[in-house]
Amino acid sequence: MSQTGETGPDAGETGTVQDRLLDAALVCFRRMGGKRTRIEDIAAEAGLARTAVYRYYPNKRAIVAAMATRWLAQDETRLAEIARDHGRSPATRLQAFLLADADATRRYLGDPCLVEVLDEVIENLKAILLQHRAHVRRHLTGLLAEGSAAGVFRADPADAMAQTIDDLTSRFHDLRLAADLDKAIWRDRATTAIETVLRAIRSR
């Protein structure tokens with residue numbers, strides 16, 4: 001737990017060599033920083049030969065990409081669970097989904113190492129973030145379609161509504177913008193934005 005009370009991504013299972021390497025990379029990045037960490041350091045931390053690293057990852061950037069992909073996949077799993085929680089109404093799930101999506105961005109801020117890794121992704125590996133947003137919109141589309149079928153949301157095409165909502169809430173998916181605001185202020189703004197979206201898409 002960080003001093004801000006926000007937590008970073010979960011550690012991966014250590015059942016595969018790839019997971020061992022990614023866990024080792026995170027340890028090294030936290031200890032030495034991403035720029036100073038070498039492939040040799042990651043291999044040593046994982047208890048593997050240097051050549052074993054290259055068998056799975058051709059360079060350090062590929063390791064960064066895999067780390068970020070794993071973290072974002074954890075976020076997507078949490079969002080999918082919310083979207084499929086049929087014990088709650090579509091409107092309640094949608095509000096929880098959008099708040100969780102926004103909160104997922106802030107949870108990285110408590111660990112400078114995670115911020116450094118994601119900065120690298122933002123600068124040089126944008127395709128990973130684009131793919132992540134596409135996965136999030138897919139879950140959002142399913143939830144909106146369900147709500148529309150139940151007469152809770154407008155009968156507009158669900159995929160178009162999902163894209164519009166993603167665009168309107170994009171400020172809360174930006175790690176750098178999230179860092180500019182105090183957590184309480186950021187949360188209040190995210191909540192207000194999401195409530196505005198909910199009012200706009202309710203069936204008339």
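This is a predicted model: local features need pLDDT of at least 70, side-chain atom pairs count only at pLDDT 80 or more; totals for chains, interfaces and linings use all residues.
Visitor: What is the volume of the second largest pocket, and which residues line it?

Guide: Its volume is about 200 Å³. The lining is made of Phe29, Gly34, Lys35, Lys60, Arg61, Val64, Glu116, Val117, Asp119, Glu120 and Glu123. By class, these divide into three nonpolar, one polar and seven charged residues.

Visitor: Let me step back to the whole chain. How many helices and strands does it have?

Guide: The protein chain has ten helices and zero strands, so in sequence order its pattern reads α-α-α-α-α-α-α-α-α-α. Its C-alpha atoms fill a box of roughly 65 × 35 × 30 Å along the principal axes. Of the 204 residues, 44% count as buried.

Visitor: Among contacts between residues at least 6 apart in sequence, what share joins residues at least 24 apart?

Guide: That share is 68% in this chain.

Visitor: Now the helix pairs. At what angle do the axes of H1 and H4 cross?

Guide: For a pair of helices, read the crossing angle together with the distance between the axes. The axes of H1 (residues 17-32) and H4 (residues 60-83) come within 10 Å and cross at roughly 100°. Angles from 65 to 115 degrees count as roughly perpendicular, and H1 and H4 are therefore roughly perpendicular to each other. On the H1 side, the contact is made by Asp19, Leu22, Asp23, Ala25, Leu26 and Phe29. H4 brings Lys60, Ile63, Val64, Ala66, Met67, Arg70 and Trp71. The contact of H1 with H4 has nine nonpolar, no polar and four charged residues.

Visitor: And how do H1 and H6 cross?

Guide: The axes of H1 and H6 (residues 112-124) come within 9 Å, crossing at roughly 105°. H1 and H6 are therefore also roughly perpendicular to each other. Here Leu26, Phe29 and Arg30 of H1 meet Cys113, Leu114 and Val117 of H6. That contact holds five nonpolar, no polar and one charged residues.

Visitor: Are H4 and H7 roughly parallel or roughly perpendicular to each other?

Guide: H4 and H7 (residues 126-149) pack at an angle of about 5°, their axes 10 Å apart. Angles under 35 degrees count as roughly parallel, and H4 and H7 are therefore roughly parallel to each other. From H4, the contact takes in Ala65, Thr69, Leu72, Asp75, Glu76, Leu79, Ala80 and Ala83. Facing them in H7 are Ile128, Leu129, His132, His135, Val136, His139, Leu143 and Glu146. The classes here are nine nonpolar, four polar and three charged.

Visitor: What about H2: which of its residues are buried, and what do they pack against?

Guide: Buried means under 20% relative accessible area. In H2 (residues 39-46), the buried residues are Ile39, Asp41, Ile42, Ala43 and Ala46. These pack against H1, H3 (50-56) and H4. After H2 comes glycine 47, with a positive phi near 75°.

Visitor: How should I look for empty space?

Guide: Rolling a probe the size of a water molecule over the atoms shows where empty space is left. In this structure, the largest pocket has a volume of about 560 Å³. It is lined by 23 residues, and the closest to its centre are Leu129, Arg133, His173, Asp174 and Leu175. The elements giving two or more residues to that lining are H4, H5, H6, H7, H8 (158-168) and H9 (175-178). H7 gives the most, with six residues. The lining divides into nine nonpolar, five polar and nine charged residues.

Visitor: How many cavities of 30 Å³ or more are there?

Guide: The search of the whole structure finds one. The largest cavity holds about 30 Å³ of space, and its lining consists of Leu98, Ala102, Thr169, Phe172, Ala190, Ala193 and Ile194. H5 (90-106) and H10 (183-201) are the elements that give two or more residues to this lining. H10 gives the most, with three residues. By class, the cavity lining has six nonpolar, one polar and no charged residues.

Terms used. Residues are numbered from 1 along each chain as its sequence is written. Side-chain values use heavy atoms; hydrogens and water are left out. On a 1 Å grid over the protein atoms alone, a cavity is a set of points where a 1.4 Å probe fits but cannot get out, and a pocket is an open set with protein on both sides within 12 Å along at least five of seven lines; lining residues have an atom within 4 Å of a point. Grid points are joined across faces, edges and corners, and a volume is the space filled by probe spheres set on the points. Helices (H or I, at least four residues) and strands (E, at least two) are DSSP runs, numbered from the N terminus. Ala, Val, Leu, Ile, Met, Phe, Trp, Tyr, Cys and Pro count as nonpolar, Asp, Glu, Lys and Arg as charged, and the others, Gly among them, as polar. Axes are lines fitted to C-alpha atoms, for helices over the stretch in contact, and angles run from 0 to 180 degrees between N-to-C directions. Angles under 35 degrees count as roughly parallel, over 145 as roughly antiparallel, 65 to 115 as roughly perpendicular and the rest as oblique. Contact means heavy atoms within 4.5 Å. Buried means under 20% relative accessible area, exposed over 50%, partly exposed in between (1.4 Å probe, protein chains only).
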